Amino acid sequence: MGGLLHLQRFPLSIFLRSHSPKFPTRTTLFFSPKSTLTTPEPLTDNDSPSDSETPHVQLSLDKLFIPPDTRVPVDSGSARILKGSNIVLSNYARDSNVVQADYVKSSVRTEDCPSDGLPEFALVGRSNVGKSSLLNSIVRRKKLALTSKKPGKTQCINHFKINDNWYLVDLPGYGYASAPQELRMNWDNFTKDYFLNRSTLVSVFLLIDASIPAKQIDLDYASWLGQNQIPMTIIFTKCDKRKKRKNGGRRPEENVNDFQDLIRGFFETVPPWIMTSSVTNQGRDEILLHMAQLRNYWLKH
């Protein structure tokens, strides 16, 4: 992976974007897990499912994503960590259920996106990573987002309104070699313009296929997001797939660990990540809880 040598170390501010009406342009939030080592407070939210947290997962503090205003003990063994992730559950993880999901519009320019100021989360990943399938799994709707056996089908910035108060955004996939070069360049340009100029973007969810070894294009995309201070969560997809050992296949858990090892040296703090499967719905509740705590913190600040 010689191409990784150009990557830089990025601060934790890229993983969360704070919002304030006093600052119409994007602002970033700086915080350090080392400053939050006190006794944790209990959750008060009734709709946070108890089976989505693992109270005694043994992860060291340097491998945890600790949201702002979240206090964990020095012994991270009693931290409440979302299952299949490195994300500590905070008191902001409330109102996570999806009651309603509606397609709103498709745009090819950032300025044409909805202007109601609601917070939003963008899904992006390499073509055929399972992005539309994951979106449908999150909202429990089989055909809300178009799925196709032909990669590269998503060609616009597609907004879906959730519970009438926040958005999921389906973005064009990258790395689809069969698409015309001009079309690929257009997708890249308006997607990156959206990342850089969409003030209501709370976080980008970068989808990585866990059924195969790390791809350089995914590592480069994570690098670009970091270099441009775009808040990011890594979503590992297809974690249900098991390839035969005799054919050189590796378990999704091994590919997940390898990907983290490859990027860990280039970030000051490990990015938040979640393992998922749109087939088994693994990670669905965890994604919604993580979105809820980021969204509620963003709305408060």
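**Figure 1. The salt bridge between Asp164 and Lys161 in a predicted model.** Asp164 pairs with Lys161, and their closest N and O atoms lie 3.8 Å apart. Asp164 has a relative accessibility of 55% and therefore counts as exposed. Lys161 counts as buried because its relative accessibility is 19%, and the cut-off for buried is under 20%. The structure holds 10 salt bridges.

**Figure 2. The salt bridge between Asp258 and Arg250.** The two side chains meet with an N to O distance of 2.5 Å. Asp258 is partly exposed, at 30% relative accessibility. Arg250 is also partly exposed, with a relative accessible area of 32%.

**Figure 3. The salt bridge between Arg126 and Asp218.** Here the N to O distance is 3.6 Å. The pair links distant parts of the chain, 92 residues apart: Arg126 sits in the loop between β6 and α1, and Asp218 in helix α3. Both Arg126 and Asp218 are buried.

**Figure 4. The largest nonpolar core.** This core has 35 residues, and those with the most contacts inside it are Tyr194, Phe195, Leu206, Leu225 and Phe236. Among the elements that each supply at least two of its residues are α2 (181-197), β9 (201-209) and β10 (232-237). Helix α3 gives the most, with five residues. Another core, of 29 residues, lies apart from this one and includes Ala101, Val139, Ile235 and Leu288.

**Figure 5. Contacts of Leu206.** Leaving out residues up to four places away in sequence, Leu206 touches residues including Val124, Tyr174, Asp218, Leu225 and Ile234.

Definitions and conventions: Residues numbered from 1 in each chain as written. Predicted model: local features only at pLDDT ≥ 70, side-chain atom pairs only at ≥ 80, totals over all residues. Heavy atoms only, no water. Core = buried A, V, L, I, M, F, W, Y, C linked by side-chain atoms within 4.5 Å. Buried < 20%, exposed > 50% of the residue type's maximum accessible area, 1.4 Å probe, protein only. Helix = DSSP H or I, 4+ residues; strand = E, 2+ residues; numbered from the N terminus. Contact = heavy atoms within 4.5 Å. Salt bridge = Lys/Arg side-chain N within 4 Å of Asp/Glu carboxyl O.
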